[in-house]
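Here is a briefing on one protein model. Look over the sequence and the structure first.

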Amino acid sequence: MKKDKLKPMLFSVMKTYNGKKFATDLISGIIVAIIALPLSIALALASGVGPEEGIYTAIVAGFIISFLGGSRVQIAGPTAAFATIVAGIVAKNGMEGLALATVLAGILLIVMGFLRLGSLIKFIPYTITTGFTAGIAVTILIGQVKDFLGLTYPKGTVTIETMEKVKAIISNISTINIQTLIVGLVCLAILIVWPYISEKIPGSLIAVIVGILMVKFLKMDVNTIGDLYTISNELPSFQMPGFTLNTIKNIAPDAITIAILAAIESLLSCVVADGMINSHHRSNMELIAQGLGNVGSALFGGIPATGAIARTAANIKNGGRTPIAGMVHSIVLILVLVILMPYAALIPLPTIAAILFMVAYNMCQWRTFVHLCKTAPKSDIIVLVVTFVLTVVFDLVMAIEVGMIMACILFMKRMSDESVVSGWKYYDPEEDPDGIDLKEIPKHVRIYEISGPMFFGDADRLAGVHFKDFTKVIIFRMRGVPALDASAMHAMEQLYDRCKAADVQLVFSHVNEQPMKTMEKSGFVEKVGPDNFRAHIDDAIEWASKMA
């Protein structure tokens, strides 16, 4: 089975499907739906939309992505990674702008899948994914402080950006509601302790029940979801967002951000799941399914969706082994939406805040962050910290852009430091058929050993090649050069012109396949002369010795 086959995993696993597998998938799907319910509501509220939008997302996107996805066990829905981004888009462009951005993001994901770009995830450095994940966790935590403490902000207070939220919290900390804080602390304690009591029943569900009971029966002055939102138990309906060329232009950057983050998040989740069940996902099919899932979510009133690592892990732990479990999870959520959704109005806001605190803690990877800061090279630590800070202070787009640019520049610097152009008189390799014994090099011959890739970062090293008046031949031994780019090729041509003016002949030894193709394509081999490209250093020295 090919990893990148454009075929939904469901169609493959159904060949051996049976009643026993359905029973485990059914149980797992029901349990994951129970876990997804409070999370979907909490993440929707953190995203600046109503609670039902979170359920719509889990239902529509969750079903489509499981049905067409490239993973056996992926569970999709709203995730914490999108919360601050979605909240910003809704504040700027409203729900219609978010729907259009999500549809465009879905189309981009589909195109990425058909172009087979699923493997490109490996080119995003671990330091960047760790940095922005930790940054998103901090922004979620900051965004929930208001509801956890029961703060009251003056009318007109702007709290879209994370730094604006920090400023508002500090300015209004005196308005703290002790009863709200008590409910939040009790629910947070339940979320921390409950996993040690039972792993079958999600702690978030217990926290929701306890929070509702505390507020209702103790008559506590605490805001609930119903105080801010009108709860609907209607099924999602089709909504085509209006668009013009100008609106598409305005929301294009948001769409690109959603698409990139959805690709990263979903494929990382697939990789984690593969390790847990010893399987292989189809990355390109997964991207196509993510795209279709996001388009479907947006057209039926939902928000951006992606693979959820926590829910996927829960699916695996509870026995889910095929996409049927994810489809069951979505169907169960439809029943929950119709029957239980009105009761969501009773959920206290500090309970939602406590749930999101735990989500933020679980996604922040602080141990990994600290470990990298202690053990990684300085350049990687810089990328990690800068990505984290920019995510918190500005936004994810800037963080990824700057992080990738820094990572690329630092990588090129590292590669440039590894590239060496050095002169030598003899070479003494051990057990090396391409080496030579200790020997004197003819006086009119100068030999340079080039090691490492030759690219624009170190092409100027060739400018350091020098020769005496009696030098007639320069040999370049290039067996240690795996690649040669256009900038290095240009530097090589400039060296050739300099040598030609001084009546010095260039000879090349052991040129590897890619550099040789580059030299042939540029006409350099013809210019230097095919005879001056020798297979081994001995042959090159012997050839050069005849040019006295």
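Which residue with a positive phi follows α18? Asp 503 does, with phi near 60°. This is a predicted model: local features need pLDDT of at least 70, side-chain atom pairs count only at pLDDT 80 or more, and totals for chains, interfaces and linings use all residues. Residues are numbered from 1 along each chain as its sequence is written, and side-chain values use heavy atoms, with hydrogens and water left out. Helices (H or I, at least four residues) and strands (E, at least two) are DSSP runs, numbered from the N terminus.

**Largest pocket**

- A pocket here is an open set of points on a 1 Å grid over the protein atoms alone, where a 1.4 Å probe fits, with protein on both sides within 12 Å along at least five of seven lines; lining residues have an atom within 4 Å of a point.
- The largest pocket holds about 1,500 Å³ of space. Volume is the space filled by probe spheres set on the points, and grid points are joined across faces, edges and corners.
- Its lining has 41 residues. Ile 309, Ala 310, Arg 311, Ala 313 and Asn 362 lie nearest the centre.
- Helices that each supply at least two lining residues include α2 (19–46), α4 (80–114), α10 (245–277) and α14 (349–364).
- α12 gives the largest share of this lining, six residues.
- By class, the lining has 26 nonpolar, 10 polar and five charged residues. Ala, Val, Leu, Ile, Met, Phe, Trp, Tyr, Cys and Pro count as nonpolar, Asp, Glu, Lys and Arg as charged, and the others, Gly among them, as polar.

**Second largest pocket**

- About 970 Å³ of space lies in the second largest pocket.
- Its lining has 34 residues, with Gly 143, Lys 146, Asp 147, Thr 159 and Leu 228 nearest the centre.
- Two or more lining residues come from each of α2, α4, α5, α6 (162–171) and α14.
- α5 provides the largest share of the lining of the second largest pocket, seven residues.
- The lining of the second largest pocket divides into 18 nonpolar, 12 polar and four charged residues.

**Helix α18**

- α18 covers residues 486–501, 16 residues in total. At 1.5 Å a residue it should span 22 Å, and its end C-alpha atoms are 23 Å apart, which agrees. The expected span is 1.5 Å times one less than the number of residues.
- Asp 485 caps the N-terminal end of α18, with a side-chain oxygen 3.2 Å from the backbone nitrogen of Ser 487. A polar contact is a pair of N or O atoms within 3.5 Å; within protein, one must be able to donate a hydrogen and the other to accept it, and residues adjacent in sequence count only if both atoms are side-chain atoms.
- The buried residues of α18 are Ala 488, Met 489, Ala 491, Met 492, Glu 493, Leu 495, Tyr 496 and Cys 499. Buried means under 20% relative accessible area, exposed over 50%, and partly exposed in between (1.4 Å probe, protein chains only).
- Their cover includes β5 (473–480), β6 (505–509), α19 (513–522) and α20 (524–528).

**Buried helix residues**

- Thr 102 is in α4. Its relative accessible area is 0%, so Thr 102 is buried.
- Beyond four places in sequence, Thr 102 touches Ile 258, Asn 294, Ala 298 and Pro 304. Contact means heavy atoms within 4.5 Å.
- Thr 387 sits in α16 (residues 378–393) and is buried at 0%. Its side chain reaches the backbone oxygen of Val 383 at 2.7 Å.
- Leaving aside neighbours within four places in sequence, Thr 387 contacts Ile 128, Gly 131, Phe 132, Ala 399 and Gly 403.
- Ile 169 belongs to α6 and is buried at 12%. Ile 169 and Tyr 153 are 16 residues apart in sequence, with C-alpha atoms 8.4 Å apart.

**Positive phi in loops**

- Most residues other than glycine have a negative phi.
- Arg 116 has a positive phi of about 60°. Arg 116 is in the loop between α4 and α5 and is partly exposed at 41% relative accessibility.
- Lys 219 has a positive phi near 50°. Lys 219 is in the loop between α8 and α9 (225–228) and is exposed at 70% relative accessibility.
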